[in-house]
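Good morning, and thank you for the time.

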Amino acid sequence: MVQDSAQGAHKVQSEAQTDAANVDGTVRALILTGFGINCEEEFAAAYRLAGAEATIVHLNQVLYGQVSIHDFDVLNFPGGFSFGDDLGSGVVLANKLRYRQTSADGRTLLDDIKQFIANGKFVLGICNGFQVLVKLGLLPNMGGDVTPEVTLTHNASGRYEDRWVTLRVNPASRTPFLKGIDKLEVPVRHGEGRLVVPDDATRAAIEAAGLNCLSYIDANGDGTSEYPLNPNGADLNCAGLTDPTGQVFGLMPHPEAFLAAYNHPDWARRRRQNPQATEEGEGLQIFKNIVAHIAQKHTTAAPAVQLANQH
Amino acid sequence: MAELENTTHTIQLTLKPGQHDGDGQRVAEAAARHLGLATGRVRSAALYTVRYPLNENQLSDFATRCLADPVLHDVRLNELTGAEGYTTYILVARRPGVTDDEGTSAQNALADILNEPLDVHTQHIFSKKLYLLENDLPETDLRRIAEELLGNKLINWLEVGRVADGIRDYTPRPGGGAEAITEVVSLTGLSDAALLQLSKDNIYALNLEEMRAVRDYFAATETQEERKAAGLPTDPTDCELEIIAQTWSEHCKHKEFAAVINYKNTETGEEKQIDSLFKTYIKNATSEVDRQLRANGNDWLIKVFSDNAGAVRINSDSLFVWKVETHNSPSAIDPYGGAITGILGNNRDPLATGIGGARLLFNTNVLCFGNPEFDGQLLTGQLHPRRILEGVRKGIEDGGNKSGVPTVNGAIVFDDRYAGKPLVYCGTGAVMPMQFAGLDSWEKKIDAGDRIIMAGGRVGKDGIHGATFSSIELDETAPATAVQIGSPITQKLAMDFLLLAARRGLLKCSTDNGAGGLSSSVGELAGISGGAVVELERVPLKYPGLRPWEIFVSESQERFTLVVEPGKMAEITALGQEMEVELTDIGYFTADGFLDVRFDGAPVAHLNMEFLHEGVPRKILEAEWAKPVAAEPEIPTATDYTETLTQLLGSLNICSRESVIRQYDHEVKGRTIVKPLMGATGQAPQDAAVVRFNFESWEGVAVSNGILPRYGDLDAYDMSAGSFDEAVRQIIAVGGKLPNLTPGDGIFWSVNDNFCVPDSVYDPASNPDGKQKLAKLVRMCEALRDATAAYCIPLTSGKDSMKNDFKADGVKISVPPTVLYSVTAKIEDVRRAITSDFKQADDVVYLLGETHDELGGSEFYALHGQLGANVPKVDFAKAKALYTLIGQANDQGLIQSCHDLSDGGLAVALAETTFGYGYGAVVELPETSLPLATQLFSESHSRFLTTVAPEDVVAFEQMLGDRATRLGRVTADGELTVRHAGKTVISANTAALRAVWTNGPVNHLLGVVSNDNLSHSNSL
């Protein structure tokens, strides 16, 4: 089973679901890969463990129209180094989604993503995927016009680092991804995760709307700017953002790397303390949340999904 | 020319006022710290020179929308100016032909915004960095900063000067090299001296006997007739000599491991002749292990020594593929490039094992450097050890992180003798299904008529002569073309493609293009079918101006050679286009017994395959072992060893490597269960990594590395045996079990051996102690054979690097004979893995194994400037019995923590096991005949420090018997107290010990220091 599970997840176009929409109630997650994205396998595993169907698709299959994002419920941008991150994290990929025309009428994938969101569907970006969403202007998108309002850049330390951090969920955040979660331990693995908010007005607006959904915290549970608790020196001690609808969510740390309790650096001591503790990792809850949320939508309001298409 | 100028634009990005310029700040700090130069403030800017026709609007749109970050950057177009308050500048560009991933990415972005296809294989955009310095430094100082901190002269074009004189720009113009001609080289009638000179001038790295064999081959009547028929002149072409030189290089052919060695032991008077080290001690030893395994129903050993990597069976569905290699010479002249191409090149081995298309699971790396705090005079061409360390570290960071492969385990060894040539060992584990499209994945099958496809990157002059260059000693005239530049993104695309192509059944088999380039990859594959025809004009080039032989032997990176059946060409070509991986059909396999190379229809090489692969004359070498004169030193005994322990924890070879470890992604893929640093603090060092294979089962693999070069100064046999044992016991420490203990248990082990030795071929003038060096190698191999037999652990692949010497200014720096054993073993259930750190107060602390009077070569002696004599020896039988019992105890859940004893002995292990949570321990050392210092610091092998829950003590002691010595218990108070004969001999706060360890020279050097700790918030 070692290989086949992962292979099974890597469905290519010919095998991908092409049914119009979730008649059977299955939650379908589309996970983009290619061009240096490298966290797609654990991303897919997270959705599978959460009960969804996960399909990994090469970005070009979406750009060339072989796969439509509209056949899925949640669109996912995994971590990695898209295009080597040579011009700044996520920049080239965001540029491609914004400018590369996917059809003769000048439509871009960003146009499709905007429609996807307008249809009430969900978008998740982790690490490099978060960087893409920020550089695309999909996060925080307070103006609603997909213009970049903040940025993510080199850590204050100047270094790439892999270390575990503790996050607190902003109680004002309304995104279904974080429902019921108060605190969360997760690894960060990035060199360009420092959120930079250009001015006080933007900062105030983000806070007022509760879009800064995740903060790096210290031992007392307070947001901190202190390295290494805040590993990158982010503005607002912010590790993740949502858009005002809560449908678009991105974060620098990697919940998909904490699917099993045994991923935690202190797992052995903790299991000694509490041998009966769950074998699930804390990161899985985010995926269970969104899958449950979508599944519930499917059962209670299936027809409404179609009507919501106002684009 | 004028028209070209019009299409050249420069885009300059500077940070907006108030934005943190980390890059500039680091340059200022590094100049002050490492070079003692005061730069004042430093301001960095990114430059992009665009040689592509763009109108003003397009240029402005591209700059502001694609390149600039609206929050961070100001944009300047077509002006290269300074800024107020900055007087001098350094501009860092690339030399012609050097890979420019940043420029290529910018081209991608340009193509997207223009919505037009743009040939990304031609460089249209060139990226550069501009640094403005506040202080008016003289040009010599600016050059030092440029050459020693910012760039490498072999790769970068560096401009420096005063801003007031105008900033000089530089944009590379590759190409314009030689025409594509093939020359004929006459060997007829050449004297021995002339043959040798020819070999040296062309970096063939062939000795006289080999050159004579080449001459004789071309002089033979049969050869001459064949060549006439093929349309080639009697004398060899440059391409033919290059092919032979690559194929026969020490790097590719392992001539010294295959040599006949006359070995003499002057200590015992024993004399013997060894018919190939490889055959005698490695291949035959593994055959014997395999026989024993199969006799016991363990038939998991699938592929050894015959492919790019070794393969063992995990279960009925999949294989584990394992390969470790070195990349020493390239890392000596360009540490970053050498290391990144080392790790990417090593990744290609498992990727291209059998059919190809394995999924990479993890990387490891083991690095040997000179003292990074060296403050003496460097030799001509020698790079400072700190620079090598930083460059290699960065190369591994980018090579691993950007490929999405976690770096889960490693080691750094410091010894001044690595100051000339560092050792850079790169390891990669991968998983491959047993079958692809119904075919056995590990097989390489080729039939005449199958197409030869080159996939991935293009060919340039980079890396020409890497294979032969690494087969000779390094000196100050190292050729610039031997430098290879890695492009992880290019390889990632090729890797993603290979995975899919294999799963769709489009590949017949594959191999990587490493040392020797196409010459080696096609030459080796052609050995399977019995010949090949290559049409070199089809090979896509990075830029024009390569001669046919250069195309054939270039080691330009990120390339695979694929074997594809003609009927599958259309489908694989379409997949390549979809995934943006360039595939080129460059010829086909034959069965006529010849390697045929053509350019534009004309033959440039026609070589008999048998001569090419079997024609190299066998070497006969002399080895002579004399036991080194050594004595035990008198170290004054002390009553309190707290200070000694503190000094050891802060010493170069023991201190924390956290700053290095954290810059490697060690948990991408989400499967790493035992990471290099664990515990609530994230600072408890672990003995081996454990990685699960997937998310559906709990099966996994443990990986460890054993390397102990300093013991080789006393006895190379014991050094090698100890290194093997170290790697094995590290696996045992994390919960691994020895193989073949029960019939059909399927617990695979897979070991790679990597020998790195100085020139060991005796020459009375240039290498007078060559016989002794070779004798050390023989003894290392003897120990390896004994170890594999004792533990029943097979070797599956390996490598030897035979010329690790650096010669300049009449001085030779040679590495100590070094061997690395990289060991992997199946973990049946990763949830039963054991970590090294204490888990709970009142757990009982045990020492497992026997301590002997073996301080020879220890860190304790090194602290006192001594070597000693009593090198630790391995008792394999006792070790095996202990390891077996530990496995049984862990099966019953009796072990709470386990840490192997190594550098610094028991005392250091005791300290390290407290680092995970801040526990302490109270320990009473037994009163034995051993002196106290020996008990504390002896590095006797096959020992562990382990803890057991109070309720399990009886069961544990019953099982382990007298192999376990009860020492004391874990305490909650964070104090480490060691008593002996009624007195306290160590008393320290464990947080203070951890701070000393964490703030040691390695973290300090790399700029990560902290007064308390670097842990995250959930600690304590």
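Gly905(B), Leu906(B), Ala907(B), Val908(B), Ala909(B), Leu910(B), Ala911(B), Glu912(B) and Thr913(B) are the buried residues of helix H27(B). Please bear in mind that this model is predicted. H27 of chain B spans residues 905-913 and is mostly covered, with nine of its nine residues buried.

Let us turn to a pair of helices in chain B. Helix H16, residues 488-503, packs with helix H19, residues 569-578, at an angle of about 150 degrees, and their axes are 10 Å apart. Why do we call H16(B) and H19(B) roughly antiparallel? Angles over 145 degrees count as roughly antiparallel, and the angle here is about 150 degrees, so H16(B) and H19(B) receive that description. Their crossing is right-handed. On the side of H16(B), the contact is made by Phe497(B), Leu500(B) and Ala501(B), while H19(B) contributes Ile572(B), Leu575(B) and Gly576(B). Of the residues in this contact, five are nonpolar, one is polar and none is charged.

Finally, I come to strand S11 of chain A, residues 248-251. Val248(A) and Gly250(A) point one way from S11(A), Phe249(A) and Leu251(A) point the other way, and all are buried. Strand S4(A), residues 122-126, runs parallel to S11(A) and is joined to it by four bridges. Strand S10(A), residues 238-242, runs antiparallel to S11(A), with three bridges between them. Phe249(A) is the bridge partner of Leu124(A) and also of Thr242(A). S10(A) and S11(A) form a hairpin with five residues between them, and in the turn Gly246(A) has a positive phi of about 80 degrees.

Notes:
Residues are numbered from 1 along each chain as its sequence is written. Chains are lettered from A and ligands numbered from 1 in the order in which they are written. This is a predicted model: local features need pLDDT of at least 70, side-chain atom pairs count only at pLDDT 80 or more; totals for chains, interfaces and linings use all residues. A residue is buried if 20 or more other C-beta atoms lie within 10 Å of its own, exposed if 12 or fewer, and partly exposed in between; C-beta atoms are placed from the backbone. Helices (H or I, at least four residues) and strands (E, at least two) are DSSP runs, numbered from the N terminus. Axes are lines fitted to C-alpha atoms, for helices over the stretch in contact, and angles run from 0 to 180 degrees between N-to-C directions. Angles under 35 degrees count as roughly parallel, over 145 as roughly antiparallel, 65 to 115 as roughly perpendicular and the rest as oblique. A crossing is left-handed if the near helix is turned anticlockwise from the far one by less than a right angle, and right-handed if clockwise. Two residues are in contact if their C-beta atoms, placed from the backbone, lie within 7 Å. Ala, Val, Leu, Ile, Met, Phe, Trp, Tyr, Cys and Pro count as nonpolar, Asp, Glu, Lys and Arg as charged, and the others, Gly among them, as polar. Two strands pair if DSSP finds at least two bridges between them.
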